[in-house]
Amino acid sequence: MNELYEKMINESVAALQADVDVISANRYNDFKITDAKPYADAVAGMTCADGQAKSVIDLHKKSVESHYKVLTSVAETIRPEDDPFIEHYQTPPILEILCEEDGEFADSLATFIQAIADSETLITKESVRRYGGFYGPTCVVDFALMPGSTSNVVNQILKTIHIPVMHKQAILSAKSWGMNTSYGIGDSFAHAIENGASAAEAAAKEVESMQMIYKEPVEAQGKLMDDAGHSSFDVRAFMEGYKKEMRPVVKAAMDDGVHYGNIVTVPAYCVGDIGHHIGQASYNMCKDDVTLAIIQATAKVMEASLKDNIGKFMHPSQVLNLATGATACATEYILELDGFNSAMVVDLLTKRFHNYVQQYPTRGAAAELHNCDFMDMIHRGSTYITAARKARSSAKIDLVPKVNGFAVDLGAITHNEVLMNPQRYTYPACGITVRFSSLMRLADYPCLLTPEPVTATMMTNIIALNKEVPGSPVRGCKNCASCMIDAKHEYCQWKESV
């Protein structure tokens with residue numbers, strides 16, 4: 001098993017480091033899609049260990065290969081405004097392939113589409129709550145089942161129908177880790193209400209939008225991008241090209257007995273580095289030295305912590321938990337260097353959210369999703385850092401937080417020339433908020449802190465060991481940070497997941 005753990009670590013570190021290296025080298029340049037080739041090369045180096053399903057690893061590798069191949073054939077660069085949607089062009093074609101190759105699954109999806117219309121009362125209630133900010137800060141496209149998320153609502157609808165459980169789980173997965181179109185629950189409703197529609201009329205539009213993303217996934221995403229003013233490339237041509245490239249590997253996974261929930265999700269999460277994490281917005285953000293140093297240092301904290309603990313892991317999930325826990329510790333530690341902590345930030349961003357709802361009633365459905373990711377991360381990191389501070393007490397020794405018993409090495413932060421000298425990046429005598437200000441930039445874009453390339457790579461490795469078990473959404477309480485302020489635990493669906 002140690003060989004497997006080492007493989008998971010090496011592949012994940014390679015993926016993340018490719019992103020960090022490219023951004024570090026190109027942050028003052030204009031983005032070209034070919035800049036992302038080092039990430040594509042890192043993914044191409046993934047292997048299949050004993051006990052892993054090659055068909056699952058192939059879904060990941062072929063998706064990145066196809067994404068890079070087709071994207072470079074239709075565009076040279078991508079506008080920052082268009083780059084967030086890069087991860088949303090994979091699940092729609094794959095969902096269509098599953099329906100075309102399996103008539104029974106197509107029938108189940110048709111039953112679900114009808115159930116959406118039959119659930120208008122539920123959809124109205126959830127849309128009203130999202131529109132008015134009832135749940136507080138909400139990740140509408142969460143990979144878990146948190147209140148206010150699209151997957152939460154999809155799960156509630158699925159519980160009302162009678163189709164094979166595997167099909168229910170696949171449909172649910174397609175709107176969690178699998179990102180079937182860019183649509184989030186309540187968006188059509190909010191815009192209709194603000195444009196003068198009655199609640200009933202707005203609800204009908206919401207039902208129509210929800211049905212559309214399952215009836216015609218590729219065309220639905222195309223229309224959503226038309227409405228969003230996407231102009232970087234022909235999104236329909238991309239999806240058709242991607243669909244053609246992916247059909248053989250999807251069919252191979254179906255023939256190999258891979259759970260459909262894994263087939264719709266594995267190819268989606270791994271492609272975002274090409275055109276999104278490695279993209280113009282990332283370059284622009286990282287022109288700031290402190291912001292870049294935070295990304296670089298958290299990556300090194302994760303790498304050192306993982307490699308230090310090889311030989312101690314007992315299960316693959318522990319490797320993933322330490323990877324994400326280590327970066328959570330690193331981010332919270334940097335936050336505390338400026339005298340802040342997770343509780344302060346959660347309070348601040350939650351208060352900001354409620355004001356934001358009032359100022360922008362038609363805010364984008366996903367506007368606060370990364371604020372939620374950031375808050376959840378630092379809230380988690382705070383639990384480990386606080387425990388370590390208590391254990392250290394007044395002893396003059398290094399702070400060593402532990403994630404489920406595994407030590408986290410914060411040395412990449414304490415020895416970082418930029419992070420430990422914030423006075424060089426502001427009025428020198430008053431440099432007490434520099435790191436915090438960069439963290440607030442990253443609160444809108446924490447993808448390399450959470451870190452997404454690592455989560456995607458490790459999750460594929462774990463799913464490849466359990467191909468018959470759906471890997472998404474997370475079927476457990478994620479301890480949402482916003483629940484510190486907004487009491488919404490009883491609206492979560494994690495225990496009721498299909």
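Entry 1
The model I examined is predicted. D227 has 58% relative accessibility, so I recorded D227 as exposed. K223, at 40%, I recorded as partly exposed. The side chains of K223 and D227 form a salt bridge, with N and O 3.2 Å apart. I noted that both residues lie in helix 11, four residues apart, about one turn of the helix.

My search of the whole structure gave 26 salt bridges. Side chains of opposite charge can pair when their charged atoms come close. R27 lies in the loop between helix 1 and helix 2 and D289 in helix 15, so the pair ties together parts that are 262 residues apart in sequence. I found R27 buried at 12% and D289 partly exposed at 28%. I also looked up K467 and D256, whose side chains meet in a salt bridge at 3.2 Å, N to O. These two residues are 211 residues apart.

Entry 1. Helix 6.
I found that helix 6 packs against helix 9 at an angle of about 70°, their axes being 9 Å apart. That angle makes the two helices roughly perpendicular. Among the residues making the contact are V128 of helix 6 and F189 of helix 9. R129 also lies in helix 6 and is buried at 18% relative accessibility. Its side chain makes a polar contact of 3.0 Å with the side chain of Y135.

Methods: Residues numbered from 1 in each chain as written. Predicted model: local features only at pLDDT ≥ 70, side-chain atom pairs only at ≥ 80, totals over all residues. Heavy atoms only, no water. Axes fitted to C-alpha atoms, helices over the stretch in contact; angles between N-to-C directions. Parallel < 35°, antiparallel > 145°, perpendicular 65-115°, else oblique. Contact = heavy atoms within 4.5 Å. Buried < 20%, exposed > 50% of the residue type's maximum accessible area, 1.4 Å probe, protein only. Polar contact = N/O pair within 3.5 Å; in protein donor to acceptor, adjacent residues only side chain to side chain. Salt bridge = Lys/Arg side-chain N within 4 Å of Asp/Glu carboxyl O.
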